[in-house]
Amino acid sequence: MEFTIGQIAQLLKGTVVGDTAGIIHSAAKIEEGKPGCISFLSNLKYENYLYTTQSTAVLVDHDFKPRKAPSTTLIYVENAYLAFTQLLEEYQKVTKSARRGVEQPSFLGENTQVGQDGYRGAFSYIGRQCQIGERVRIYPHAYIGDNVQIGHDTVIHPGVRIYDNTIIGAHCIIFANSVIGSDGFGFAPQPDGSYKTIPQLGNVVIEDHVSIGSNTTIDCATIGSTIIRAGVKIDNLVQIAHNVEIGKNTVIAAQTGISGSSKLGEQCVIAGQVGIAGHLSLANRTKVGAQSGVGKTIRKEGLSLSGSPAYDLTAHLRALAVLRNLPELEKRLQAVENERIDTANNAPS
């Protein structure tokens, strides 16, 4: 696909300084730009590349003032990073909307309704009594169980497994090999030391505009629902246990595990490899640093946490500073102790 710089500026409501007729056919990092590419500059530590890049055009913030003449055409927009994201979204719509129809072999169960203009790839399986919205794309080797609901414009990538009774909203993306609705980890200890499986009778509810990364697992509820609220973004390799609730617009990075019945508030940010214990709550806008372990409920909104067990980020950083100085502090303490012993030994009897 090719667009002129002028067309892109019109789409993004931007202002061009330079050649509006230049042709754009792809995107690139500003430091890797080539003719025909468009890039963006939002972090000023990359400004030097603006004067050497070969990209045909670069998106910049409306208040940006170059130190010297740039080597490329500039498109001034309100927010360069968000505008670049919007541009990629539009490109994706054009390039990926072409897939329609049904490839064979594929399976469609009894009393299942599928909306118009969708796509079902080869070897996909859709069970009985499902409701599939319009323009839904289901890629090859995806499995969708019975009584599943999927909203309009949602994308199910190859190898995804969606168990019975799952509800998925509109404009969601579930990436390859994720598993939605498998049994939660529920076992009751018995007097003889064995464990008896607790039936998992609930489901998973995923609201609109949710993104779920590859190889992520979201367990169904024991009873009721495991709930992922609207706008949540989940990275690859995340484990969400039974009866968890994730609040709106929360972001969760890779290799995080959230134990059963915990509830995360809205707009939380959970970094990579975080562990969250069961049956606790995190207030809205809580931020948890990488490799932290959260073991208690956080009631105050907007806190930043770090460490294992996780506590206030500022206090944790101070503790780390002390920890780094421990070898030197030990030497100083030993010197004081040695001096005390020498003084005691040399004292008159």
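Isoleucine 75 sits in strand 7, which covers residues 73-77. The model is predicted. Isoleucine 75 counts as buried because its relative accessibility is 0%, and buried means under 20%. Valine 16 is 59 residues away in sequence, yet the two C-alpha atoms are 4.5 Å apart in space.

**Around isoleucine 75 and alanine 57**

- Which residues does isoleucine 75 contact, leaving aside its neighbours within four places in sequence? They are Ile5, Ile8, Ala9, Gly14, Thr15, Val16, Ile38, Ala57, Val58, Leu59 and Val60.
- One of these contacts, alanine 57, lies in strand 6, residues 57-61.
- Alanine 57 is buried, with a relative accessible area of 0%.
- Alanine 57 has its own set of contacts, again leaving aside neighbours within four places in sequence. Among them are Ile5, Ile24, Cys37 and Ile38. Ser39, Thr72, Thr73 and Ile75 complete the set.
- Alanine 57 and valine 16 are 41 residues apart along the chain. Their C-alpha atoms are separated by 9.3 Å.

**Helix 1**

- Helix 1 spans residues 5-12. Its residues Ile5, Ile8, Ala9 and Leu12 are buried.
- Lysine 13 follows helix 1. Its phi is positive, near 55°.

**Domains**

- The chain is divided into domain 1, residues 3-95, and domain 2, residues 101-305.
- The centres of domain 1 and domain 2, taken over C-alpha atoms, are 36 Å apart.

- An unreviewed UniProt entry places the feature "active site" at His242.
- Where is histidine 242? It is in the loop between strand 29 (239-240) and strand 30 (245-246).
- Is histidine 242 buried or exposed? It counts as buried because its relative accessibility is 17%, and the cut-off for buried is under 20%.
- Not counting residues up to four places away in sequence, histidine 242 touches Gly184, Phe185, Gln200, Asp219 and Cys220, among others. Its contacts also include Ala221, Thr222, Thr226, Gly260 and Ser261.
- Threonine 222, one of those contacts, is found in another loop, between strand 26 (217-219) and strand 27 (225-228).
- Threonine 222 counts as buried, at 19% relative accessibility.
- Leaving aside neighbours within four places in sequence, threonine 222 is in contact with Ile198, Pro199, Gln200, Leu201, Gly202, His242 and Asn243.

**Aromatic rings**

- How many aromatic pairs does a search of the whole structure find? It finds seven.
- Phenylalanine 185 and phenylalanine 187 form an aromatic pair. The pair is edge-to-face, with 5.1 Å from centre to centre and 70° between the planes.
- Phenylalanine 185 counts as exposed, at 71% relative accessibility. Phenylalanine 187 is partly exposed, with a relative accessible area of 38%.
- Elsewhere, ring pairs link Phe40, Tyr81 and Phe84 into a cluster.

**Cysteines**

- A search of the whole structure finds zero disulfides.
- Cysteine 130 is in no disulfide. The nearest cysteine sulfur to its own belongs to cysteine 172, 16 Å away.
- A disulfide needs sulfur atoms within 2.5 Å.
- Cysteine 130 counts as buried, at 0% relative accessibility. Cysteine 172 counts as buried too, at 1%.

**The region at 319-346**

- An unreviewed UniProt entry places the feature "coiled-coil region" at residues 319-346.
- In the model, this span is 96% helix and 0% strand.
- The end C-alpha atoms of residues 319-346 lie 38 Å apart.

How values were computed: Residues numbered from 1 in each chain as written. Predicted model: local features only at pLDDT ≥ 70, side-chain atom pairs only at ≥ 80, totals over all residues. Heavy atoms only, no water. UniProt positions renumbered as here; feature names shortened; annotations may be inferred. Helix = DSSP H or I, 4+ residues; strand = E, 2+ residues; numbered from the N terminus. Buried < 20%, exposed > 50% of the residue type's maximum accessible area, 1.4 Å probe, protein only. Contact = heavy atoms within 4.5 Å. Phe/Tyr/Trp six-rings, centres within 6.5 Å; stacked < 30°, edge-to-face > 60°. Domains from an automatic or database assignment.
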